[in-house]
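Please look through the structure below before reading these notes.

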Amino acid sequence: QVQLVESGGGLVQPGESLRLSCAASGIIFSANTMAWYRQAPGKQRELVARITAYLNTFYADSVKGRFTISRDNAKNTVYLQMNSLKPEDTAVYYCSVVGLPYWGQGTQVTVSS
């Protein structure tokens, strides 16, 4: 059974940082491409970043240069370091295994002064 557990969200002020974590189980983690998505109220879920098994990364234009995705295969965990946060980054953030229909419960990120 695939499980994805996100953590690390919270309420921060603009310009501050957060690091999200997603612990995965039930998959061969090191062999899979992992991704972070987000969904803001009233909007569709969108891809934020992904990282392949070979550590190739992709970022949405809106977060390029501010967010960094990484993975620790020994811990079956994918991270999203978010710097210089903006109010428009406010959303529920989800991790996923690319190509598989599983989602975690999400973690809320709120950026507000």
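1. Which residue does a disulfide join to C22? The partner is C95, with an S to S distance of 1.8 Å. A disulfide here is a pair of cysteine sulfur atoms within 2.5 Å, and a search of the whole structure finds one. In general, a disulfide is a covalent bond between the sulfur atoms of two cysteines.

2. A word on the basis of these notes: the model is predicted, local features need pLDDT of at least 70, side-chain atom pairs count only at pLDDT 80 or more, and totals for chains, interfaces and linings use all residues. Residues are numbered from 1 along each chain as its sequence is written, and side-chain values use heavy atoms, with hydrogens and water left out.

3. The disulfide found in the search links distant parts of the chain: C22 lies in strand β3 (residues 18-25) and C95 in strand β9 (residues 91-97), 73 residues apart. Strands are DSSP runs (E, at least two residues), numbered from the N terminus. Both C22 and C95 are buried; buried means under 20% relative accessible area, exposed over 50%, and partly exposed in between (1.4 Å probe, protein chains only).

4. Six strands make an open sheet with mixed pairing, in the order β2-β10-β9-β4-β5-β6. At its edges are β2 (10-12) and β6 (57-59), each pairing on one side only. Two strands pair if DSSP finds at least two bridges between them. β2 pairs with β10 (residues 107-111) in the parallel sense over three bridges, and L11 has T110 in β10 as its bridge partner.

5. The largest nonpolar core has 30 residues, of which W36, V78, L80, M82 and Y93 touch the most other members. Such a core is a set of buried Ala, Val, Leu, Ile, Met, Phe, Trp, Tyr and Cys residues joined through side-chain atoms within 4.5 Å. Elements giving two or more residues to this core include β3, β4 (34-39), β8 (77-82) and β9.

6. What does V78 touch beyond its neighbours within four places in sequence? Its contacts (heavy atoms within 4.5 Å) include both cysteines of the disulfide, C22 and C95. Also among them are L20, F29, M34, W36, I51 and I69.

7. N76 sits in the loop between β7 and β8 and is partly exposed, at 25% relative accessible area. S84 is in the loop between β8 and β9 and is also partly exposed, at 40%.

Technical notes
Helices (H or I, at least four residues) and strands (E, at least two) are DSSP runs, numbered from the N terminus.
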